Amino acid sequence: MILLLLYLPHWTYKKSGAVFLRDKPIVSNQRKGGEELEQIELIRAKPEDAALVHALQLEAFWPLYQIYQDDETSPAKESTERILEKITDPDGKFYIIYLDKQPIGGIRIRYYENGRKLENVNWISPLFIIPGFQNRGIA
């Protein structure tokens, strides 16, 4: 199970012994029952990661797109250029989700403060995991 807590402006993420604060992962190598726990990292996406984020987002949202064919709103239909805009948006942060060093998804956190659109409001959109890793308590 994942515990995701958002604090204004800080956030903490904890799963299976790994704790993350802001952009820097703090990894715990705890063992449970003699087995090493899966390591999940959220690493802030850079502009050069736009193609990777696009591929992950397409894979994650394609099954839903095939059902609903929502060309206007589906993240599966977003261009790499649009994802690059989101990665470089100064009012938010886009993270790539890694499981044991393998990229498996993404999350974007967007916030407004100090008199902007909605004062002191944060939201998450999108949050996605590729199908092969869904239903494992990652997100």
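Tutor: Helices (H or I, at least four residues) and strands (E, at least two) are DSSP runs, numbered from the N terminus. This is a predicted model, in which local features need pLDDT of at least 70 and side-chain atom pairs count only at pLDDT 80 or more, while totals for chains, interfaces and linings use all residues. Residues are numbered from 1 along each chain as its sequence is written, and side-chain values use heavy atoms, with hydrogens and water left out.

Student: Which residues of helix 1 are buried?

Tutor: They are Ala50, Val53, Leu56, Gln57, Ala60, Phe61 and Tyr65. Buried means under 20% relative accessible area, exposed over 50%, and partly exposed in between (1.4 Å probe, protein chains only).

Student: Where does helix 1 have a kink?

Tutor: The kink, of about 50 degrees, is at Trp62, shortly before the proline Pro63. The bend at a residue is the angle between axes fitted to the seven residues ending there and the seven starting there.

Student: What follows helix 1?

Tutor: Gln69 does, with a positive phi near 50 degrees.

Student: Changing topic, is Arg108 buried or exposed?

Tutor: Arg108 counts as buried because its relative accessibility is 7%. Arg108 belongs to strand 9 (residues 102–112).

Student: And what does its side chain make a polar contact with?

Tutor: The partner of Arg108 is the side chain of Asp89, at 2.8 Å. A polar contact is a pair of N or O atoms within 3.5 Å; within protein, one must be able to donate a hydrogen and the other to accept it, and residues adjacent in sequence count only if both atoms are side-chain atoms.
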